[in-house]
Amino acid sequence: MRLTLEFGGGLELLCNSIKIHHVDVSPKTGEDTLSMRDLLPWIESNLIKERPEMFVKGDCVRPGVLVLINDCDWELCGSLDAVLEEKDVVVFISTLHGG
Amino acid sequence: MDEIVKTIGLKNNCTFCGVFRRQALDRGAALMRADKLVTGHNADDMAETVLLNILRGDIARLSRCTFIITGEDGPIPRCKPFKYTYEKEIVMYAYFKKLDYFSTECIYSPNAYRGFAREFIKDLERIRPQAILDIIRSGENFRISTSTKMPEQGTCERCGYISSQKLCKACLLLEGLNRGLPKLGIGRSRGLNSAKEDGEQRMLRSEVKGSNLQSKQCGTLDF
């Protein structure tokens with residue numbers, strides 16, 4: 001499944017400073033749908049090159065990271081249970097900064 | 001800041017940075033003859049500050065930290081218009097409006113106390129987002145017991161800026177840096193007339209006359 005993943009608000013530093021990634025992710029064997037719950041560990045293993053604790057906490061994103069699926073807050077789509085489709089755009093923005 | 005951290009180490013960085021930045025903002029505003037100074041503190045910041053002051057028992061700050069306007073009787077009042085706006089809303093607004101902003105992480109703050117309050121509040125927000133506004137509301141409704149002694153506002157003997165002690169924090173910290181005393185001005189004074197803080201201040205004030213410090217006299221600025 002081809003997806004576009006974007007990282008902002010400083011999170012891109014965890015992925016070699018690349019903000020936009022075009023990726024191809026396959027659902028878990030035996031399943032025909034890909035949910036956010038499956039995508040997060042995939043991102044952690046394949047895209048996050050340093051400090052994974054800045055991105056994930058447990059099986060969810062670290063609190064303070066905003067997730068948008070096709071420009072819509074993922075909390076409106078089911079959060080971890082949201083199902084992804086071909087060509088979806090998922091954006092992760094860290095809201096933790098400033099001082 | 002890099003030089004300051006070389007002198008003081010990796011602890012208490014926020015104290016130095018915050019105090020000097022605030023001083024720079026105030027003096028810059030005065031130089032520009034501004035009427036008001038407005039900062040971008042948001043709801044998350046306010047809630048973190050309330051919690052932080054509770055955790056540290058800083059009663060004086062606890063009583064003031066939720067005011068949306070401060071320093072009204074001073075030369076340049078300060079205001080926080082985003083006091084009730086969630087950081088999440090601000091980030092989403094910036095994203096959709098394609099606004100450019102700095103999001104670099106402060107390299108000296110990983111062990112800052114505020115970080116723990118922030119982590120806690122973020123966890124709370126996930127479970128019950130209204131908690132942030134509720135914490136602010138609690139903070140607004142704190143009333144300090146009349147038997148608690150509160151610091152009085154005066155002026156700094158060295159630079160003339162407002163201060164609750166004989167020397168303002170900026171002058172105290174600067175003195176510490178110049179004399180290789182990184183702990184000067186750090187740590188709590190037990191009671192308003194603690195021997196330690198008093199002793200330090202007396203030692204410093206006796207040198208005011210013959211000093212060659214960089215601290216600029218506030219009196220030369222036309223408020």
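Walk along chain A from the N terminus and the elements come in the order β-β-β-α-β-β-β-β-β-β. That gives one helix and nine strands. Keep in mind that this is a predicted model.

**Overall dimensions of chain A**
- The radius of gyration of chain A is 13 Å, which agrees with the value near 13 Å for a compact globule, because the chain has 99 residues.

**Packing in chain A**
- Some 51% of the 99 residues in chain A count as buried.
- Take the contacts in chain A with a separation of 6 or more: 59% of them come from residues 24 or more positions apart.

**Surface and charge of chain A**
- On the charge side, chain A carries 17 negative and 9 positive side chains.
- The centres of those two charge sets in chain A sit 6 Å apart.

**The annotated stretch of chain B**
- UniProt, in an unreviewed entry, lists residues 154-184 of chain B as "domain: Cytoplasmic tRNA 2-thiolation protein 1 C-terminal".
- In the model, residues 154-184 of chain B are 32% helix and 13% strand.
- The end C-alpha atoms of this chain B stretch are 20 Å apart.

Conventions: Residues numbered from 1 in each chain as written. Chains lettered and ligands numbered in written order. Predicted model: local features only at pLDDT ≥ 70, side-chain atom pairs only at ≥ 80, totals over all residues. Heavy atoms only, no water. Helix = DSSP H or I, 4+ residues; strand = E, 2+ residues; numbered from the N terminus. Rg over C-alpha atoms; globule rule 2.2 N^0.38 Å. Buried < 20%, exposed > 50% of the residue type's maximum accessible area, 1.4 Å probe, protein only. Contact = heavy atoms within 4.5 Å. Lys, Arg positive; Asp, Glu negative; His and termini not counted. Charge placed at Lys NZ, Arg CZ, Asp CG, Glu CD. UniProt positions renumbered as here; feature names shortened; annotations may be inferred.
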